[in-house]
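Subject: Structure handover

Hello,

Here is the structure I promised to pass on. Please open it alongside this note.

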Amino acid sequence: MTTKLARGINPETGEIGTFVPDGEGYVIRSEEQREAGRKYFERERRIDFGRRVDFTFTAMEAIGEVISVLTTAQCGFLTVLQCYVSYDTNTLVNADRTPMTTTDMLEALKLGRKRSTFYNFLAACTANSIITEESDGSYTVNPRYHFRGQARDVNVIRTYTAKIKQTYKDAKQAADLGLIYRMLPFVNYEINALCSNPTERDPRKIEWFNRKELATAVGISEAELTKRIRRLTVGNEYVIARIAVGGETKYMFNPHVFKRNKRQLNDTEQAMFNVKYRG
């Protein structure tokens, strides 16, 4: 049974409310709580990077379930589609807030000439409850994996949707976006390092991935990783910085594209990613 806009009773407070996504599935919130959540989300959109931005949350630990059942390219398609989830319902919607049809999704994914690719992707998502077709014909992304709203869990990562939409030109880019998606579970909270302990707050204790460890984590060869990192861009920004210290190489995600926390970037981070892709 769908929970989209369904009503229920909060077992903790006894209040009647609406099921809304929160990163662990759905939670019941009263109308007052929903309105407070909307205002909070709007404040977050205004203050990030000092300008108005739009983002969705990805639940880092849960998406391992997605990665295990979708191909790398299909993970890329999902990266694009989750940019279209609506606040409070997680329905996939167009710019005018109307629910997306399969035709709209085909257009967003630039798969008009690869319809079988799209329907194979959609079938994999629906079979694994990543996307649900509702009784009214709309489609909802499972908030266990991606959502727009309030996040109770700190193990989430922000995806800046405008950059993803602007970048995605055709299906050939899906595999690159999918590779990025496979790296999301390993982004450290404090400094966006790609590491084996992404929840570690002490910078001195972060266990950075080297090339072999990162390649193993995302399931490709070291040579393939090196080749593809050089072309992983969103908009005109590189997604990953390679940091050489002595004989070791470490990797860091660009916080202008994907970001764990909401603090403002320091001068070093600003300068490090002030490199534009020129094609």
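Below is what turned up on its salt bridges.

This is a predicted model, where local features need pLDDT of at least 70, side-chain atom pairs count only at pLDDT 80 or more, and totals for chains, interfaces and linings use all residues. Residues are numbered from 1 along each chain as its sequence is written, and side-chain values use heavy atoms, with hydrogens and water left out.

A salt bridge here is a side-chain nitrogen of Lys or Arg within 4 Å of a carboxyl oxygen of Asp or Glu. The count comes to nine.

Glutamate 65 pairs with arginine 144; their closest N and O atoms are 2.5 Å apart. Glutamate 65 lies in helix 2 and arginine 144 in the loop between strands 6 and 7, so the bridge ties together parts 79 residues apart in sequence. (Helices, H or I of at least four residues, and strands, E of at least two, are DSSP runs numbered from the N terminus.) Glutamate 65 is partly exposed at 34% relative accessibility. Arginine 144 is partly exposed too, at 34%. (Buried means under 20% relative accessible area, exposed over 50%, partly exposed in between, with a 1.4 Å probe and protein chains only.)

Arginine 231 and aspartate 176 form another salt bridge, at 3.1 Å, N to O. Arginine 231 sits in the loop between helix 9 and strand 9, aspartate 176 in helix 7, 55 residues apart. Aspartate 176 is buried at 14%, whereas arginine 231 is partly exposed at 40%.

Best wishes
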